[in-house]
Amino acid sequence: MTQDRQGARGDPEPRGSSRRELEPEIRRDLSGTLSYGDYLDLHRVLSAQHPQAVPPRHDEMLFIIQHQTSELWLKLMVHELRSAIGLVRADDIHPALKRLARVKHIQHTLTEQWSVLATLTPSEYAQFRSALASGSGFQSWQYRTVEFLLGNKDPQMLPVFEHDREVHEELRRTLEARSLYDEVLAWLARRGHPVPEEVLERDWSQPYTPHRQVVDALAGIYAEPTRHWAAYELCEALVDVEDNFQVWRFRHLRTVQRIIGGKPGTGGSSGVPFLRRALELTFFPELYDVRSRIQDVRPGGYHGAAP
Ligand code: HEM
């Protein structure tokens, strides 16, 4: 791989449900009772760690479990984000905010988790790294799904998943659908905010291009928060999510840097420089642009504030 960076309400059945999840039915004991382990399918989950290093290396277990737990949290994040998107589409903003609140906590957990992996020294990692061959987090389809759901669309990411037809198809559908940001902008337009037409109808599979008139529309909201409270709250929730995402990216970069230094990645990228470029990405560009437009308030001038 030589990729480089280019630059209805409710809880619909998560489209990620795959044949792998539908496999064996949940077991019950002879009395028909469901035990803790059976309900959680723990035998399967806890036997899904398959270290590859020969001879076996103690630290590979940490590496595997760190990735698996991240993927489980990503699965929940996808579930919550898909629901939030449906709720915004249905003008049901308060439950959508609730979903995003949970997303933010998942992000904190994912970010905190880097401290466990940071105990892996370069020498320990070097003992089993060759066993990974060209496997890389770059091939995480759930991570790419989260990026697409939030609004970082990039059709060039799809070929990475061509070997897995089901995953590829699912990602393509997500790429071609409206992102959370697209739905929020459409909702603002329905509420009478002047969002331009070309933002509301476009090819959703293409990267979003920031628009000056969107900044104007947001400036109206930020100038009078009390008048547009739901919109204001939703916008700030998006900023929280983007900030958290960037902190995760940054912690990933720093952990990678302390473990592999300047070596290229197993996925074939330049490694740390590649990850550094991701810090330039933004999901909700105008929500950051609008911040430089907000006027300082003179004493007694805050809109809607108590005297
Ligand atoms: C020793 C631990 C790790 C190292 C050295 C490492 C290294 C890297 C490198 C160098 C890349 C760039 C692509 C490549 O060439 O491979 C990358 C991408 C990525 N890694 Fe890791 N990583 C580690 C752990 C993790 C963990 C625990 C996760 C959790 C899921 C993860 C998720 C990702 C994702 C999602 C990408 C794609 C990022 C993007 O496209 O912006 N990595 N990693």
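Guide: Start with residue classes. Ala, Val, Leu, Ile, Met, Phe, Trp, Tyr, Cys and Pro count as nonpolar, Asp, Glu, Lys and Arg as charged, and the others, Gly among them, as polar. The model here is predicted: local features need pLDDT of at least 70, side-chain atom pairs count only at pLDDT 80 or more, and totals for chains, interfaces and linings use all residues. Residues are numbered from 1 along each chain as its sequence is written, and side-chain values use heavy atoms, with hydrogens and water left out.

Visitor: By class, what does the lining of the largest cavity have?

Guide: A cavity is a set of points, on a 1 Å grid over the protein atoms alone, where a 1.4 Å probe fits but cannot get out; lining residues have an atom within 4 Å of a point. Here the lining has seven nonpolar residues, two polar ones and no charged ones. The residues are Leu74, Met77, Gln107, Leu110, Tyr143, Val146, Asn244, Phe245 and Trp248.

Visitor: What volume has the largest cavity?

Guide: A volume is the space filled by probe spheres set on the points, with grid points joined across faces, edges and corners. For the largest cavity that is about 80 Å³.

Visitor: Which helices each supply at least two residues of that lining?

Guide: Helices are DSSP runs (H or I, at least four residues), numbered from the N terminus; strands are E runs of at least two. The suppliers are α4 (60-89), α5 (93-112), α8 (141-150) and α13. Helix α13 gives the largest share, three residues. Overall, the chain has 15 helices and zero strands.

Visitor: Why does glutamine 246 count as buried?

Guide: Buried means under 20% relative accessible area, exposed over 50%, partly exposed in between (1.4 Å probe, protein chains only). Glutamine 246 counts as buried because its relative accessibility is 15%. This residue also lies in α13. Across the chain, 43% of the 307 residues count as buried.

Visitor: Is tyrosine 181 buried or exposed?

Guide: Tyrosine 181 is buried, at 2% relative accessible area. It belongs to α10, residues 180-190. Contact means heavy atoms within 4.5 Å. Leaving out residues up to four places away in sequence, Tyrosine 181 touches residues including Leu150, Tyr208, Phe283 and Pro285.

Key:
1 Å grid on protein atoms, 1.4 Å probe; cavity = no way out; pocket = protein on both sides within 12 Å on 5 of 7 lines; lining within 4 Å.
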